[in-house]
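Please keep the sequence and the model in view while reading.

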Amino acid sequence: MFEKVLIANRGEVALRIHRACKEMGIKTVAVHSTVDADAMHVRLADEAICIGPALARDSYLNKAAIISAALISGADAIHPGYGFLSENADFAEMVEMHGLTFIGPSSSMIRKMGNKVLAREAAKNAGLPILPGSDGAIANYDAAEIIAQKIGYPVLIKAANGGGGKGMKVAFCKEELESAFVLAQKEAKAAFGDDTVFIEKYLQNPRHIEVQVLADNYGHVVCLGERDCSLQRNNQKIVEETPSPALNRQQREELMNVVRNAIEKIGYSNAGTLEFLFEDGHFYFLEMNTRLQVEHPITEMVTGIDIVREQIRLASGAPLGYSQKDVRIEGCAIECRINAENPQTFIPSPGKIGTWHVPGGLWVRVDSAMFSGYKVPAQYDSLVAKLIVFGRTRNATLMRLRRALGEFVIDGIETTIPLHQRLVYESEFIDGQYNIHWLQHFLKNNIQK
């Protein structure tokens with residue numbers, strides 16, 4: 001087992017990793033930018049090293065600075081968390097080349113499954129259902145037009161190395177295809193430094209279903225159930241729940257079996273998430289996230305398995321130690337992402353936090369690195385907290401979630417708590433009758449007037 005882990009991230013996920021390490025008897029090294037010198041993960045870590053100024057490109061995305069910090073501190077391994085360098089194959093390779101352990105899959109696997117074109121091909125070969133679309137990258141508009149005509153409109157042009165909704169454009173007809181293709185390429189180039197795109201059939205009313213997997217280096221794989229991430233705004237997840245209210249038992253079991261077999265064929269190891277679109281009783285592989293997910297706590301709540309702890313164990317070479325039949329999934333869990341944003345315009349709201357009071361009680365969890373007096377910086381993602389609740393039934397979970405949201409107090413900045421307080425009383429959400437477009441329509445019709 002590792003003696004010291006460097007945490008190459010910030011905010012709540014850095015604190016989450018620190019806590020898992022401390023419970024395993026592992027020392028931690030926090031890296032931070034100048035603006036994060038007073039952050040909670042920096043305060044609590046055994047060691048802290050400043051790696052650059054406020055801008056992420058000069059600090060949390062500075063590969064050389066992070067590697068140097070790991071070597072100077074004598075760390076055995078680096079945990080990338082999510083975002084930043086968590087799915088950067090070049091960074092993972094650098095970690096490996098310097099004799100350190102990257103807590104995640106190998107750099108070659110990240111390179112294979114992190115690229116959406118390569119992942120689509122790997123998924124198809126592993127027996128996963130995929131959407132009709134191009135066999136690989138689309139070189140130019142003429143090729144895009146041929147594929148679009150073949151699979152039928154509407155189509156979705158997607159960045160091969162994209163994420164977070166960037167580099168994605170929909171064309172509902174031939175007249176829209178050229179502009180969508182050009183814009184997707186430009187956006188992909190600006191966001192990811194690579195304008196490679198491909199095309200898939202665009203589904204009109206799908207659910208977004210993802211499956212959490214754990215796999216060791218010895219061919220053992222378990223699925224920890226699915227998460228429904230359909231409540232999204234601009235392709236950004238807002239609320240997640242498990243199990244999905246859209247699936248029946250047979251659909252769930254079939255999906256788990258297909259995923260487990262695919263992961264075995266691909267040869268993946270460590271924690272990962274396979275994302276699917278689900279419409280009219282059919283699943284279609286979307287992409288694979290070769291890292292920890294923001295919404296991993298709801299899976300932990302229904303399984304009792306500490307996913308971050310498992311990541312560390314698996315990276316150290318330990319076997320899973322249990323099989324699929326040992327995994328018990330009980331109850332329901334829902335996560336609300338609390339962002340420092342105006343709940344109507346979604347304009348970021350950095351600033352100094354005044355009163356900070358988090359909800360408590362049975363089966364209520366808050367993952368956050370905030371505290372009263374903390375200054376939320378403007379340079380990073382606006383997520384300030386995740387509220388996670390568990391109940392024996394979905395109805396019990398909803399009632400607990402309403403109560404917890406009512407107790408959550410954050411003064412000094414604007415947050416999206418009021419939005420969540422509205423959502424938990426909406427009949428479509430209560431009934432579980434929503435898809436990936438529902439929240440956008442709700443915001444347009446009820447808030448953004």
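Strand β11 (residues 236-242) pairs with strand β14 (residues 332-339) in the antiparallel sense, over four bridges. Two strands count as paired if DSSP finds at least two bridges between them. Helices (H or I, at least four residues) and strands (E, at least two) are DSSP runs, numbered from the N terminus. Within this pairing, Thr-242 stands opposite Ala-333 in β14. The model is a predicted one, in which local features need pLDDT of at least 70 and side-chain atom pairs count only at pLDDT 80 or more, while totals for chains, interfaces and linings use all residues. Residues are numbered from 1 along each chain as its sequence is written, and side-chain values use heavy atoms, with hydrogens and water left out.

Both strands belong to an open sheet of eight strands with antiparallel pairing, in the order β13-β12-β9-β10-β11-β14-β19-β17. β13 (282-289) and β17 (364-367) stand at the edges with a single partner strand each, so one side of each has no neighbour in the sheet. On average, neighbouring strands of this sheet are turned by 25° against each other, direction ignored. Helix α15 (residues 438-446) packs on the sheet and touches β10 (221-233) and β11; contact means heavy atoms within 4.5 Å. The direction of α15 makes about 25° with that of β10. Axes are lines fitted to C-alpha atoms, for helices over the stretch in contact, and angles run from 0 to 180 degrees between N-to-C directions.

## A mostly covered helix

In helix α10 (residues 296-303), seven of the eight residues are buried. Buried means under 20% relative accessible area, exposed over 50%, and partly exposed in between (1.4 Å probe, protein chains only). Among the buried residues of α10 are His-296, Pro-297 and Glu-300. Gly-304 follows α10 and has a positive phi, near 75°.

## Aromatic pairs

How many aromatic pairs does a search of the whole structure find? The search finds 12. Rings of Phe, Tyr and Trp (its six-membered ring) pair if their centres lie within 6.5 Å; planes under 30 degrees apart count as stacked, over 60 as edge-to-face and the rest as tilted. The rings of Tyr-60 and Phe-84 are stacked, because their centres are 5.2 Å apart and their planes are at 20°. This pair links distant parts of the chain, 24 residues apart: Tyr-60 is in the loop between β3 (47-52) and α3 (63-73), and Phe-84 in the loop between β4 (77-79) and α4 (89-97). Tyr-60 counts as buried at 1% relative accessibility, whereas Phe-84, at 29%, counts as partly exposed.

Trp-363 and Phe-390 form an edge-to-face pair, with ring centres 5.2 Å apart and planes at 75°. Trp-363 lies in the loop between β16 (356-357) and β17, and Phe-390 in strand β19 (residues 383-391), 27 residues apart. Trp-363 is partly exposed at 33% relative accessibility, while Phe-390 is buried, with a relative accessible area of 5%. Elsewhere, Phe-276, Phe-278, Phe-283 and Phe-285 form one aromatic cluster.

## Ser-73 in helix α3

Ser-73 is found in helix α3 and is buried, with a relative accessible area of 8%. Leaving aside neighbours within four places in sequence, Ser-73 is in contact with Lys-4, Leu-6, Val-29, Glu-47 and Ile-49. A polar atom of the Ser-73 side chain lies 3.2 Å from the backbone oxygen of Ala-70.

Definitions and conventions:
Polar contact = N/O pair within 3.5 Å; in protein donor to acceptor, adjacent residues only side chain to side chain.
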